[in-house]
Amino acid sequence: MEFHESAADVAALPKHHAPTQDEKLVITASSLGTVFEWYDFYLYGLLATIISAQFFSGVNETTGFIFALAAFAAGFAVRPFGALVFGRIGDMVGRKNTFLVTMGLMGLSTFVVGLLPSYASIGVAAPIMLLAMRLLQGLALGGEYGGAATYVAEHAPENKRGLYTSFIQTTATLGLFAALLVVIGTRTIIGEEAFKDWGWRVPFLVSIILLGVSMWIRLQLNESPVFQKMKEEGTTSKAPLTEAFGQWKNAKWVLIALLGAVAGQAVVWYTGQFYAMFFLEKTLMVDGATTNILIAIALGIGTPFFVFFGWLSDRIGRKGIILAGCALAVLTYFPTFKALTSAVNPQLAAAQVNAPVSVVTNGNECSLQFDPVGKNKFDSKSCDIAKALLAKSAVSYTSVEAPAGTVAQIQIGDQTFTAPDPAKVTGEERKAAIKAFTEEVKAALATAGYPTKANPDEINKPLTVALLTYLVLLVTMVYGPIAALLVELFPTRIRYTSMSLPYHIGNGWFGGFLPTTAFAMVAATGDIYYGLWYPIVIAGLTVIVGLLFLPETFRRNIDA
C-alpha cells in the first residue's frame, strides 16, 4: 500500500462519501454507545481502593491495592484478543452488528460485577469471579473501539475525518467523567461509610439502564456505506487476520502504528487520567471524594480539546500533534507530579525536603514489596519490616547500601531507628517488637511533619486543577487525532482488524498495565516518582519511531 499521493491524486479525492443517513445521527449514536462502554470499563478503576478491600482482603494492604490494579489491568490484557475476534467479524460481516454484540457483552458483565459477593462472604472465589467479568469486559471493548472509529470515519467527509472521529475520542474521557459523576453522586447521597460497605455496587447496577438506552440508539443505524459498497461488489476480505498480519506489506504498518503512535498515546492517556488519580489518592493521601471531584473538574475543562485537536489535525496533519504530545510528556512529567505533591499535600512536600527518609540495608536481603498470594507477611527480614512500614505509610525513601548481615535502619532526618532483627526475636516477641518499632517510627514521622493524610483545607485547588488539566491536555493532543490516523493507515477490506490490534495492544498492554507497573516500581524503590519512568521511556520510544517511520495520513482517500 502506498502512503504518498501525487498532487493530482489528492485533487482527485472525493470531498464526501455518499451519505446513507444523517451524519449527526452516526456520530451521536456511535459516540453515546462508546461512552457507555467506557463508563462500564472505568468504574472499576475509579473504585480500585474499595474493590481492593472488598475482593482482595486476604493479602496485605500494599499487595491488595497492586493486586486490585492488576485485575483492572487484566481487562486490558485481553483487549487485543477481542480486537482479533471482533475485528475479523467486523471486516467479514459488518461494522454495525459487531459493535451491537460487543455492547451487550460489556453491559451485562458490568451489571454482574454489582451483584458479586465479597471475599469476606465466599473467600477466593470472589476475586476469581471478578477477574472473569473483567476479562469479558476487555474482550468486548477490544471489539468496540475499532468498529465505532471505523464506522464514523467511513461516514465522514474527506476533509473532516479528524473532526468527526474526535467525537469518538472524547468518549473514553466522557465515560470516565460520567462514572465520576455517578460515583460522586452516590457517595454524597448515602455517605462514605455506606458507600464503602454496599453503595459501591450502585454505579455498576444502574448501568443496565444505560445499556438499554444505548442499544436502542444503535439499532437506529445503518451499515457503513463504504463497507456496504464493498460487500455488494463482493470484495470483502475472506481471511482478514491472514491478510492483515500474515503479509509483511500490511504487518509492518501494524508494527509502526503500535510503536510510532499508539504506545506513546496509551501511556500518556493512562498517566493523565488514571495514574494521576491513583497518585492523588494512594500516594498523596487525598480522600476519595475530593480526588474524584478534582479529576472531574480537570476532565470537564480538558475534554473539548479532543475535538479541537481532531479538527486541527484535518488542517496540519495527525503525526506532528501526536508526537508533540508525547514529547511534552517526556519533558514535563517529573516537574508536573512534583508540583502536584506541593499543591495537594504541602506538609508532605515540606517533610520530604526537611526530613528525608532513607533505609540503610543490604539490598540483596530485601523482598520486593509485592506479594500476590498473600504468603509474605514481610516480617522475616529486618529490611522487609522497615520497607513495608514506609510503603504502607506512603513515605518516599531512598535506599542506602550496607554490608551483608546489617540489621536495617530507618533514618528520618538526623534520627535513626533500628528495625527488629527476626533472627533474634520470634513468635509473640517478634510481633511486639515490630509493633513497638512501628509506633516509634510513625511518631517520628509525625514529628518530622509527615502527615497521615492530606489536609483538605491546605490543598491549593486552583493550582491542582490547573496541573491536572495540563495532564488532560496532553491526553487530548495524543488521543484526539489517533483514530483518524489509524483508519487512514489501512485499506477498507482489513481496516477494522488492522487498526484494532495495534490500538488495543498499545492501550491494553502498554497503557492498561501502567498503574500496576508504576506502583510496583514505586514499591520496589521507595521513590514515589519512580513509576513515571515507565510512561516517559515508552513515550520517548514513540517519538523516535514516529519521527523515523510513521507517515502523515491526513489527505488520504480511505474508500479503497
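The largest cavity in this predicted model holds about 30 Å³ of space. The count comes to one cavity of 30 Å³ or more. Empty space of this kind is found by rolling a probe the size of a water molecule over the atoms.

The lining of the largest cavity includes a run from Leu46 and Leu47 through Ala48, Thr49 and Ile50. Arg187, Glu281, Gly288 and Asn292 also line the largest cavity. Two elements, α3 (48-55) and α16 (288-302), each give two or more residues to this lining. The largest share, three residues, comes from α3. By class, the lining divides into four nonpolar, three polar and two charged residues.

A helix pair was examined next. Helix α15 spans residues 248-283, and helix α24 spans residues 495-511. The axes of α15 and α24 come within 8 Å. They cross at roughly 40°. The crossing of α15 past α24 is right-handed.

Residues from both helices build the contact. On the α15 side are Val254, Ala257, Leu258, Leu259, Val262, Ala263, Gln265, Ala266, Val267 and Tyr270. They meet Ser498, Pro502, Tyr503, Ile505, Gly506, Asn507, Phe510 and Gly511 of α24. The contact of α15 with α24 has 13 nonpolar and five polar residues.

Conventions: Residues are numbered from 1 along each chain as its sequence is written. This is a predicted model: local features need pLDDT of at least 70, side-chain atom pairs count only at pLDDT 80 or more; totals for chains, interfaces and linings use all residues. Side-chain values use heavy atoms; hydrogens and water are left out. On a 1 Å grid over the protein atoms alone, a cavity is a set of points where a 1.4 Å probe fits but cannot get out, and a pocket is an open set with protein on both sides within 12 Å along at least five of seven lines; lining residues have an atom within 4 Å of a point. Grid points are joined across faces, edges and corners, and a volume is the space filled by probe spheres set on the points. Helices (H or I, at least four residues) and strands (E, at least two) are DSSP runs, numbered from the N terminus. Ala, Val, Leu, Ile, Met, Phe, Trp, Tyr, Cys and Pro count as nonpolar, Asp, Glu, Lys and Arg as charged, and the others, Gly among them, as polar. Axes are lines fitted to C-alpha atoms, for helices over the stretch in contact, and angles run from 0 to 180 degrees between N-to-C directions. A crossing is left-handed if the near helix is turned anticlockwise from the far one by less than a right angle, and right-handed if clockwise. Contact means heavy atoms within 4.5 Å.
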